[in-house]
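Open the model in your viewer and keep the selection tool at hand. The stops below cover charged pairs, a pocket and aromatic rings.

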Amino acid sequence: NCHVVITIRHPAGFAGSLKRLGWTYDFRNLLDQPLLMRDHLESDRADMESIHPDDIISQGALLWKLIYRFVHSTRSLFPQFDIVRHEDLSRDPIGGYQTLYQSLGLDFTERVRDIIQNSSSSENPTKLAKNKTHSVKLDSRANLDNWKKLLSPDEITKIRKLTEGVSELFYSEDEWK
C-alpha cells in the first residue's frame, strides 16, 4: 500500500523564496519535451516562451500553476496522494504531522514529536540564510508571512494573476492578505 505526500505552498511564498534565493527556471526544460507539451502543457506554451529569463516572479508563478494544476487534475485518480499545505503544517507542526503520520499508518513517537518540535520551534531563525537553504531548523510560524515582506504589492498582484484558476483551489481570498 503506497502513499505519496505532496506538499503545497502558497504561490506567493514559493515565488518569494525563489526571489530571495535568486533561483531562476528555464522553461526550455519543459518546452523541449514534445510529449509532455502535447499531452499537458501546450496551452501554456506562449506563457512559457514569453517570460523573460530574469523574471523570477513570473517564472515561479507559472511553474507553481503548472505543477498544482496537474496535482489538482489528477488527485481524484490517486486516492493514495496526501496533499498537505505547507502553511497548515507551519501553523500546527505537531498536530499536522500527527495527522499525516496517522494517514500513512506510521507511529507518531515521542522521538518524532521532539524532532518536529526542535525543527519548527519559535527559537529557530525566522528565515534561512542563502548559504543554509537546506537547513531543517526554522521558526515555522514566523516563516509563514516572509513573502509579504519580500514581495512588492505589484509582484503579489502579478503572482495572483498568473496563478488564477488554480490558486483558489488551494488558497482562499484571505490567504493573499
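A salt bridge here is a side-chain nitrogen of Lys or Arg within 4 Å of a carboxyl oxygen of Asp or Glu. The model is predicted, and by this rule it holds 14 salt bridges.

Select R69 and D44 to begin. Their closest N and O atoms are 2.4 Å apart, so the two residues form a salt bridge under the 4 Å cut-off. R69 sits in helix α5 and D44 in the loop between α3 and α4 (45-50), so this pair ties together parts that are 25 residues apart in sequence. Colour the two by accessibility: D44 is buried at 3% relative accessibility, while R69 is partly exposed at 24%.

Next, select E42 and R45. Their side chains meet in a salt bridge of 2.6 Å, N to O. E42 has a relative accessible area of 40% and is partly exposed; R45 is also partly exposed, at 25%.

Return to R69, which is one of the residues lining the second largest pocket. The pocket has a volume of about 180 Å³. To display its lining, select L30, L36, H40, L41, L63, L66, I67, R69, F70 and S73. Two elements, α3 (34-41) and α5 (56-74), each give two or more residues to this lining. The largest share, six residues, comes from α5. By type, the lining divides into seven nonpolar residues, two polar and one charged.

Now move to E155 and K19, whose side chains meet in a salt bridge at 2.8 Å, N to O. E155 belongs to helix α11 and K19 to helix α1 (residues 11-21), so the contact ties together parts that are 136 residues apart in sequence. E155 is buried at 18% relative accessibility, whereas K19 is partly exposed at 33%.

For a network of salt bridges, select R85, D88, R91 and E175, which are linked in this way.

F78 is partly exposed at 34% relative accessibility, and F81 is partly exposed at 22%.

Then select W147 and W176, an edge-to-face pair with 6.5 Å centre to centre and 75 degrees between the planes. W147 lies in helix α10 (residues 146-150) and W176 in the segment after α11 (153-162), so the pair ties together parts that are 29 residues apart in sequence. Both W147 and W176 are buried.

Finish with W64, Y68 and F170, which ring pairs link into a cluster.

How values were computed:
Residues numbered from 1 in each chain as written. Predicted model: local features only at pLDDT ≥ 70, side-chain atom pairs only at ≥ 80, totals over all residues. Heavy atoms only, no water. Buried < 20%, exposed > 50% of the residue type's maximum accessible area, 1.4 Å probe, protein only. Phe/Tyr/Trp six-rings, centres within 6.5 Å; stacked < 30°, edge-to-face > 60°. Helix = DSSP H or I, 4+ residues; strand = E, 2+ residues; numbered from the N terminus. 1 Å grid on protein atoms, 1.4 Å probe; cavity = no way out; pocket = protein on both sides within 12 Å on 5 of 7 lines; lining within 4 Å. Points joined across faces, edges and corners; volume = space filled by probe spheres on them. Nonpolar A, V, L, I, M, F, W, Y, C, P; charged D, E, K, R; others polar.
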